[in-house]
Amino acid sequence: MQPTILIIDDNEDDVLLTKLVLSKTGRDFRTEVALSGEAGLALIRGGKTSPKLILLDLKMPGMDGIEILRKIRDDERLSSMPVVMVTHSDLQSDEQAAIKAGAASFLHKETDLDQFKRDVERILDRWLGTHVLHQ
Amino acid sequence: MPKLTVIGSENTRVLPFSPGSSIREILAAAGIHVRTGCRGNGACGFCLVQVEEGHVNDPTENERLTLSPEQFDQGLRLACQVMPVKDLRIRLRYPVWGEPASVESQGGWNMSGVRYGNPLLFEAFVKLAQYIVRLKTQQDVWDNLGKFITTHFPADWTAFVRRDVLSSAISIHHSMLPDAIAVERILTEEVRALISDVLESGFLASRVIFAPEPSMTIFLPVAEGSRTEQVMLIGHKAVDPLPNALLNIYLTVAGLAGATSERLLNELELNKDRAHLEELVKERTAELTTVNTELEAFSYAVSHDLRAPLRSIAGFSQALRDEYAEKLDATGKDYLRRIMAGGRRMEELINALLELSRASRSDIKSVRVDLSALARNIADELRIAEPERNVELVIAGGLSAICDERLMIIALENLLGNAWKFTGKRSPAIIEFGLSDSECGPAFFVKDNGAGFDNKHAGKLFTTFHRLHTQEEFSGTGVGLVTVKRIIHRHGGAVWAEGEVGKGATVYFTLGV
């Protein structure tokens with residue numbers, strides 16, 4: 001079965017760029033998108049999707065990434081789900097806060113798409129592991 | 001006439017006298033005042049003299065009560081109780097106020113008179129002087145001086161009077177008057193006028209006032225620095241005129257009172273100033289905290305909010321180039337190239353501003369840092385980035401300093417990066433990092449033989465967004481040297497630059513830590 005990657009991000013441009021880069025990794029997976037923290041949480045809580053990896057934007061209006069992450073970690077059924085915190089910020093404090101809240105990893109939204117692709121591939125290697133079918 | 005030979009501590013005088021007077025009276029007539037606390041009835045025992053030769057009357061009843069057999073054996077008698085009839089030689093014992101100094105030499109307390117006169121008094125004075133400098137309140141000063149005066153001198157009471165600076169009202173603010181005396185009652189019109197005179201003239205005055213018994217009262221100006229707002233009153237139930245030497249002592253004590261009042265006032269002012277300064281520091285700290293919070297918000301905005309739209313521009317133009325290049329003609333591709341260049345430049349600026357904000361905010365963690373090694377690492381990176389360039393990098397060995405390593409890396413990256421950049425048109429380029437003597441002592445320097453600059457612009461180099469070259473000549477953000485300055489200043493050091501157009505530039509810096 002195709003693994004699912006869930007992108008939770010309120011910025012449509014970033015969602016589009018992430019999907020573009022993901023598609024260029026040449027790996028086999030499905031992507032789902034939630035354009036707000038609340039929508040993303042509803043998706044996974046409702047059991048409609050069971051992503052192998054969540055790419056969670058840190059800064060969102062309403063519930064931000066840290067809050068969503070805490071709720072995921074507090075939910076027994078979801079607590080072991082790998083969540084990668086994604087952000088424009090390269091402030092160390094943000095990274096520390098994300099790791100402290102239980103993020104599996106931290107992904108910086110690089111402006112240079114080639115760099116971003118390399119970072120994304122590292123994340124996929126680590127968190128999708130053998131579930132990924134190489135083309 | 002029989003003669004009384006008086007041997008003093010410093011000289012000897014011969015005084016002719018008519019029988020019928022006491023030694024004390026004979027001495028007083030000659031201006032030699034022995035101490036007395038009882039107005040000559042032999043009760044106080046202060047007016048000791050030593051009879052050396054000649055006939056004297058037998059000890060009086062009062063002398064027997066006052067002096068011990070041993071003292072009689074030594075020839076000691078009370079001057080007020082001995083009425084000589086024939087030639088007599090005596091030696092003065094303390095306390096004696098003879099050969100008085102003039103009142104005009106105010107504060108000129110005759111130390112020899114103390115040393116040779118009354119060791120107890122001398123000791124008391126020394127104690128007073130030592131003690132008074134430690135007194136913390138005005139009340140203590142008045143209490144101690146009053147006690148000192150009434151204990152060691154033939155004085156019965158003291159009072160301090162102050163004239164209000166604004167209203168000129170005169171009031172007693174401290175007194176050691178006997179209970180029976182109504183404090184305000186002694187301030188008659190006449191006394192007030194006298195106090196005003198003393199305050200105006202700065203000279204002492206003496207007057208018998210009624211308190212309510214007649215009291216020989218000395219009015220002494222208490223000068224606090226250049227101001228005189230206080231008068232010290234010293235009252236004596238004995239209304240005899242007082243010897244000048246005693247007045248001199250009083251003046252000295254009044255001087256001490258003034259100096260001490262002044263000191264206490266100054267301390268009060270200082271404490272006020274200190275409290276005010278502390279308040280100011282608190283306010284400034286609060287302001288700074290606000291500014292810091294704003295800076296943090298700013299740097300977050302720079303880091304996050306500005307980057308998001310930038311990423312859209314840069315990311316999608318990259319995607320356009322990668323996926324749709326074949327659908328664009330040469331002009332379209334040129335536009336796209338320009339959009340991407342603009343995006344890159346904007347990212348550089350954002351990164352530079354973020355670095356500047358970090359240099360301003362982050363805590364300084366001082367450790368010993370091997371600057372030579374840092375410089376070598378940075379130089380290696382520069383070489384790797386542009387291996388084709390012919391650059392001679394001269395990095396002095398063994399340079400280290402106590403500083404924040406992370407910030408120092410940023411500073412050296414900027415300085416060596418600048419040198420690298422501005423020698424771009426030189427071959428061979430020579431870039432040097434070392435330590436040299438400067439006006440500010442030993443200073444680190446980064447020197448290059450690049451484009452250089454006109455020395456009259458040296459000051460502008462360290463201001464934000466100020467650039468001496470166009471983007472086409474040399475790329476840059478105009479923030480790098482500001483960041484360097486911020487980092488050096490945060491280490492308590494100084495940074496400056498020297499240059500010559502076409503010859504090169506040298507940036508010097510010290511680390512004050």
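## The sheet in chain B

Five strands of chain B line up as an open sheet in the order E14-E16-E17-E19-E18, with mixed pairing. (Strands, E, are DSSP runs of at least two residues and helices, H or I, of at least four, numbered from the N terminus; two strands pair if DSSP finds at least two bridges between them.) At the edges sit strand E14 (391-395) and E18 of chain B, each pairing on one side only. Ignoring direction, neighbouring strands here are turned by 20° against each other on average. (Axes are lines fitted to C-alpha atoms, for helices over the stretch in contact, and angles run from 0 to 180 degrees between N-to-C directions.)

This is a predicted model: local features need pLDDT of at least 70 and side-chain atom pairs count only at pLDDT 80 or more, while totals for chains, interfaces and linings use all residues. Residues are numbered from 1 along each chain as its sequence is written, and chains are lettered from A and ligands numbered from 1 in the order in which they are written.

How many bridges join E18(B) to E19(B)? Six, and the two strands run antiparallel. Glu500(B), for instance, stands opposite Gly504(B) in E19(B).

## Helices on that sheet

H11(B) packs on the sheet and touches E14, E16 and E17 of chain B; its direction makes about 165° with that of E14(B). H12(B) packs there too, touching E16, E17 and E19 of chain B, at about 35° to the direction of E17(B). (Contact means that C-beta atoms, placed from the backbone, lie within 7 Å.)

## The nonpolar core

The largest nonpolar core has 45 residues, and Ala375(B), Ala411(B), Leu415(B), Leu416(B) and Val507(B) have the most contacts inside it. (Such a core is a set of buried Ala, Val, Leu, Ile, Met, Phe, Trp, Tyr and Cys residues joined through C-beta atoms within 7 Å; buried means 20 or more other C-beta atoms within 10 Å of a residue's own, exposed 12 or fewer, partly exposed in between.) H12(B) gives the largest share, nine residues.

Leaving aside neighbours within four places in sequence, Ala375(B) is in contact with Ile395(B), Leu412(B), Leu416(B) and Phe433(B).

## Over to chain A

Chain A has an open sheet of five strands as well, in the order E3-E1-E4-E5-E6, with parallel pairing. Its edge strands are E3 (30-34) and E6 (105-108) of chain A. E1 (residues 4-8) and E4 (residues 53-57) of chain A pair over four bridges, and Ile8(A) stands opposite Leu56(A) in E4(A).

How values were computed:
Two residues are in contact if their C-beta atoms, placed from the backbone, lie within 7 Å.
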